[in-house]
Amino acid sequence: MSIQDPPRPPGHDLTTPPRPRTRSVLLGVCAVVLVGIGALAVVRATGLDAGTVFAVVVVGVPYAAVVTVVVGVVLAVLKARWLFGVAVVLLVLQVVWLAPRFVADGGEVPAAAARLRVATINAHVGGVDAQAVVDFVRERRVDVLAVEELTSDAIPALDDAGLRELLPYRELRPQDDSSLYSRLPFTASGPLAAPTTWPQTTGTIDVDGRAVVVVAVHTYYPAGDAGLWANDMTALRATAGENSVVLGDFNATLDHAPMRELLAAGLVDSHAELGNGWAPTWPADSVPVVQLDHVLHGRGLVAVATGEHTLPGSDHRLVFAELALV
């Protein structure tokens, strides 16, 4: 007499795990993911990224929100109420942080207001295509161009491509890693007085009778030394004047505590002001995933347009903004 195994349901084999085990595995994975997202939320909420290695992971906050939605849907299907509640709480927190960037401020700009068109590009140690830069300046009628990582060898190439005719005034400081080109003459220029890892280049121009201070920014990068980066961002608070335009490669997103503190000092992010909340700029030589390049401005100006453009030879996208003086 032999004992036979009971017949298996159609479609069932030994490789198909029982449904309870599948549910347990899914719940375990979701729980681990939520722990990671929760830890990221703690860092973002408390500002633990300022001057620490956590600055590197804070750039993932927008992506964490997308993952939270996916996890929440899975938990809803599994009817895991407690974990689903945790996902909802995290998602609400993320929406509070991210939603304002996608809602335009809605301020009206007088038709007669003077306009200032600015752009910033990281030259990638002089590797950016000079003709592409000049073509953009010409087409968009850029008034002020900030260039980071501009080398001495790259300066003649830009002039040969026609930049000298378009932007004849300049404060070039390749040794300091940031430079300014302008259509309007500088009434004052030089390095920012506040000490930073690489001196930040400033220039004052007259726009419709108003003195506007432009600062070309290139901070240290947090993956290299988070302390130096945080100190650079703190020093930039000295630029937060009513008629300031602070633009360049901040190596920071709007989720970084030092960037939020810089904005709280009196500056406005042009993209967020217009509701253009998703504008990744790096790495432009592959697939941009984070916005490290920004145009910030003081309360005496209002953004009316922004844009990002990929130029050959740079690992950052060029960022453009048209500002109105109000």
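D208 is exposed (over 50% relative accessible area, against under 20% for buried and partly exposed in between; 1.4 Å probe, protein chains only), with a relative accessible area of 67%. The model is predicted: local features need pLDDT of at least 70, side-chain atom pairs count only at pLDDT 80 or more, and totals for chains, interfaces and linings use all residues. Residues are numbered from 1 along each chain as its sequence is written, and side-chain values use heavy atoms, with hydrogens and water left out.

D208 sits in the loop between β6 (201–207) and β7 (210–218). Helices (H or I, at least four residues) and strands (E, at least two) are DSSP runs, numbered from the N terminus. The phi of D208 is positive, near 55°, in a residue other than glycine. Most residues other than glycine have a negative phi, and most peptide bonds are trans. R141 also has a positive phi, about 50°, and is not a glycine. R141 is placed in the loop between α4 (130–140) and β2 (144–148). Its relative accessibility is 55%, so R141 counts as exposed. A cis peptide bond joins W282 to P283, with omega near -5°. P283 lies in the loop between α9 (270–273) and β10 (293–297).

Strand β6 holds G203. With 0% relative accessibility, G203 counts as buried. Residues up to four places away in sequence set aside, G203 touches L180, F186, A188, S189, V212, V213 and V214. Contact here means heavy atoms within 4.5 Å. The C-alpha atoms of G203 and V245 are separated by 10.0 Å, and the two residues lie 42 residues apart along the chain.

Helix α1 comes next. It has 28 residues and reaches 40 Å from its first C-alpha to its last. That is close to the 40 Å expected at 1.5 Å a residue, where the expected span is 1.5 Å times one less than the number of residues. Buried residues of α1 are L27, C30, L34, I37, G38, L40, A41, V43 and R44. They pack against α2 (61–78), α3 and α8. Just after α1, G47 takes a positive phi of about 75°.

Two packed helices are described by the angle between their axes and the distance between the axes. The axes of α1 (residues 19–46) and α3 (residues 81–98) come within 10 Å and cross at roughly 35°. Axes are lines fitted to C-alpha atoms, for helices over the stretch in contact, and angles run from 0 to 180 degrees between N-to-C directions. The crossing of α1 past α3 is left-handed, meaning that the near helix is turned anticlockwise from the far one by less than a right angle. On the α1 side, the contact involves L27, A31, L34, I37, G38, A41, R44 and A45. On the α3 side, these meet L83, V86, A87, L90, L93, Q94 and W97. The residues of this contact divide into 12 nonpolar, 2 polar and 1 charged. Ala, Val, Leu, Ile, Met, Phe, Trp, Tyr, Cys and Pro count as nonpolar, Asp, Glu, Lys and Arg as charged, and the others, Gly among them, as polar.

Side chains of opposite charge can pair when their charged atoms come close. A search of the whole structure finds 11 salt bridges, each a side-chain nitrogen of Lys or Arg within 4 Å of a carboxyl oxygen of Asp or Glu. One of them pairs R101 with D255, the closest N and O atoms being 2.4 Å apart. This pair links distant parts of the chain, 154 residues apart. R101 is in the loop between α3 and β1 (115–122), and D255 is in the loop between β8 (244–249) and α8 (257–264). R101 is buried, with a relative accessible area of 10%. D255 counts as buried at 1% relative accessibility. R44, R101 and D255 are linked in a network of salt bridges. R44 is also among the buried residues of α1.

Another salt bridge joins D143 and R117, with the closest N and O atoms 3.9 Å apart. D143 is in the loop between α4 and β2, R117 is in strand β1, and 26 residues separate the two. Both residues, D143 and R117, are buried. R170 pairs with D159, the closest N and O atoms being 3.1 Å apart. R170 is in strand β3 (residues 169–171) and D159 in helix α5 (residues 154–160), 11 residues apart. R170 and D159 are both buried.
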